[in-house]
Amino acid sequence: RFLRRKEKYFGRDKIARDITLDDLDEDDITLLLSGLYHIQDGTDQSGRVVVYEMMHIMGRSPAKSIIRANYFVFFNILSPMPSVQTKGIVTCFYDLST
């Protein structure tokens, strides 16, 4: 199922390799640079990385770009962190919309 989704959002030729910035389109990169994700400096009391997802930014973005940006952040930035491998993450959904 995971590989079918990866194929759907990135293409068959990318199934067996890591996704890089070069695989993202302009909308995906704009979303990454928009501040959709904020990774807190340091950890919570249990040693987990804290990630904030800005819902007010997510709400104005194409679903495909959200999925592709999410994949990139989780597999290229968070997963390689040793503390994420051993303790996991905490995700906080933050909404500034009115």
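Val90 touches Asp44, Arg48, Val49, Val50 and Val51, leaving aside residues up to four places away in sequence. Val90 itself belongs to strand E3. This is a predicted model. The chain has five helices and three strands. Read along the sequence, the pattern is α-α-β-β-α-α-α-β.

**Overall build**

- The C-alpha atoms fill a box of roughly 40 × 35 × 25 Å, taken along the principal axes.
- The chain has 98 residues, and buried ones make up 32% of them.
- Take the contacts between residues at least 6 apart in sequence: 63% of these join residues at least 24 apart.

**The sheet**

- Three strands form an open sheet. Their order is E1-E2-E3, and the pairing is mixed.
- Which strands stand at the edges? They are E1, residues 37-43, and E3, residues 89-94. Each has a single partner strand, so one side of each is left without a neighbour in the sheet.
- Neighbouring strands are turned by 25° against each other on average, with direction ignored.
- Helix H4, residues 63-78, packs on this sheet. H4 touches E1, E2 and E3. The direction of H4 makes about 25° with that of E1.
- In a regular strand, side chains alternate between the two faces of the sheet.

**Pairing of E1 with E2**

- Strand E2 covers residues 49-54. Four bridges join E1 to E2, and the two run antiparallel.
- Thr43 stands opposite Val49 in E2.
- Ile39 stands opposite Val51 in E2.
- His38 stands opposite Tyr52 in E2.
- E1 and E2 form a hairpin with five residues between the strands. In this hairpin, Gly47 takes a positive phi near 85°.

**Pairing of E2 with E3**

- How many bridges join E2 to E3? There are six, and these strands run parallel.
- Tyr52 has a bridge partner in E3, namely Cys92.
- E2 is mostly covered. Five of its six residues are buried.

- Is Val90 buried or partly exposed? Its relative accessibility is 22%, so Val90 counts as partly exposed. The cut-off for buried is under 20%.
- The residues that Val90 touches include Val49 and Val51. Val49 stands opposite Thr43, and Val51 stands opposite Ile39.
- Val90 and Leu36 are 54 residues apart along the chain. Their C-alpha atoms are separated by 16 Å.

**Asp28, in helix H2**

- Asp28 has its place in helix H2, residues 26-33.
- Why does Asp28 count as buried? Its relative accessibility is 0%, and buried means under 20%.
- Asp28 touches Ser65, Arg68 and Ala69, not counting residues up to four places away in sequence.
- H4 spans residues 63-78, and these are the partners to look for there: Ser65, Arg68 and Ala69.

**The largest pocket**

- The largest pocket has a volume of about 160 Å³.
- Which residues line the largest pocket? They are Arg1, Phe2, Arg5, Lys6, Tyr9, Phe10, Ile67, Asn70, Tyr71, Phe74 and Phe75.
- Two elements give two or more residues to this lining: helix H1, residues 2-10, and H4.
- By class, the lining has seven nonpolar, one polar and three charged residues.

**Arg5, a lining residue**

- Arg5 is found in helix H1. Arg5 is one of the residues that line the largest pocket.
- Arg5 has 46% relative accessibility, so Arg5 counts as partly exposed.
- Arg5 and Ile15 are ten residues apart in sequence. In space they are 9.3 Å apart, C-alpha to C-alpha.

Conventions. Residues numbered from 1 in each chain as written. Predicted model: local features only at pLDDT ≥ 70, side-chain atom pairs only at ≥ 80, totals over all residues. Heavy atoms only, no water. Pairing = 2+ DSSP bridges. Axes fitted to C-alpha atoms, helices over the stretch in contact; angles between N-to-C directions. Contact = heavy atoms within 4.5 Å. 1 Å grid on protein atoms, 1.4 Å probe; cavity = no way out; pocket = protein on both sides within 12 Å on 5 of 7 lines; lining within 4 Å. Points joined across faces, edges and corners; volume = space filled by probe spheres on them. Nonpolar A, V, L, I, M, F, W, Y, C, P; charged D, E, K, R; others polar. Buried < 20%, exposed > 50% of the residue type's maximum accessible area, 1.4 Å probe, protein only.
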